[in-house]
Amino acid sequence: MNRVFYQGSIVELERGNRVIARISPVSPQSPLKVKDLNKFFHELPSLGEDSNAFAKDLANIRKQIPMEQNQWD
């Protein structure tokens, strides 16, 4: 399971030389590695002049919408 999760491996289970099940990661692995994140963020285009107004709008919307409660807490 660790290989499937961490390395993206696919494991096939066989019975009588026939594949009867396949265990694979839920979603495809991203080609972006953690070590490349800083470069990735640095190369993103700059936000326009209206980005501060947009951030304030988002903050106001978040204040109006109640936080979801986790039923497992």
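# Labels and their cut-offs

Mentor: The accessible surface of the protein chain is about 7,900 Å², and carbon and sulfur atoms account for 53% of it. Such areas come from the Shrake-Rupley method with a 1.4 Å probe, and for residues only the protein chains shown count as cover. The model is predicted: local features need pLDDT of at least 70, side-chain atom pairs count only at pLDDT 80 or more, and totals for chains, interfaces and linings use all residues. Residues are numbered from 1 along each chain as its sequence is written, and side-chain values use heavy atoms, with hydrogens and water left out.

Trainee: Which elements does the protein chain have, and in what order?

Mentor: The protein chain has three helices and two strands, and from the N terminus on they run α-β-β-α-α. Helices (H or I, at least four residues) and strands (E, at least two) are DSSP runs, numbered from the N terminus.

Trainee: What makes the protein chain more spread out than a compact globule?

Mentor: The globule rule is 2.2 Å times the number of residues to the power 0.38, and the radius of gyration is taken over C-alpha atoms. For 73 residues the rule gives 11 Å, whereas the protein chain has a radius of gyration of 22 Å, well over that value, so it is more spread out than a compact globule. Along the principal axes, its C-alpha atoms fill a box of roughly 65 × 40 × 20 Å.

Trainee: How do you know that β1 and β2 are paired?

Mentor: Two strands pair if DSSP finds at least two bridges between them. Here five bridges join β1 (residues 11-15) to β2 (residues 18-23), and the strands run antiparallel. Glutamate 14 stands opposite valine 19 in β2. The two strands form a hairpin with two residues between them, and glycine 16 in the turn has a positive phi of about 60 degrees.

Trainee: What is phi of asparagine 17?

Mentor: Phi of asparagine 17 is near 65 degrees, a positive value in a residue other than glycine. Asparagine 17 is found in the loop between β1 and β2.

Trainee: Why is asparagine 17 called exposed?

Mentor: Exposed means over 50% relative accessible area, buried under 20%, and partly exposed in between (1.4 Å probe, protein chains only). Asparagine 17 has 77% relative accessibility, so it counts as exposed. Glutamate 43, in the loop between α2 (37-42) and α3 (51-64), is exposed as well, at 54%.

Trainee: Why is proline 25 called partly exposed?

Mentor: Its relative accessible area is 23%, so proline 25 is partly exposed. Proline 25 is found in the loop between β2 and α2. Its C-alpha atom and that of asparagine 38, 13 residues apart along the chain, are separated by 26 Å.

Trainee: What share of the protein chain is buried?

Mentor: Buried residues make up 1% of the 73 residues.

Trainee: How many aromatic pairs are there?

Mentor: Rings of Phe, Tyr and Trp (its six-membered ring) pair if their centres lie within 6.5 Å; planes under 30 degrees apart count as stacked, over 60 as edge-to-face and the rest as tilted. By this rule there are two aromatic pairs. One of them joins phenylalanine 5 and tyrosine 6, edge-to-face at 4.7 Å centre to centre with 85 degrees between the planes.

Trainee: Why is the pair of phenylalanine 40 and phenylalanine 41 called edge-to-face?

Mentor: The ring centres of phenylalanine 40 and phenylalanine 41 are 5.5 Å apart and the planes stand at 65 degrees, so the pair is edge-to-face. Phenylalanine 40 is partly exposed, with a relative accessible area of 37%.
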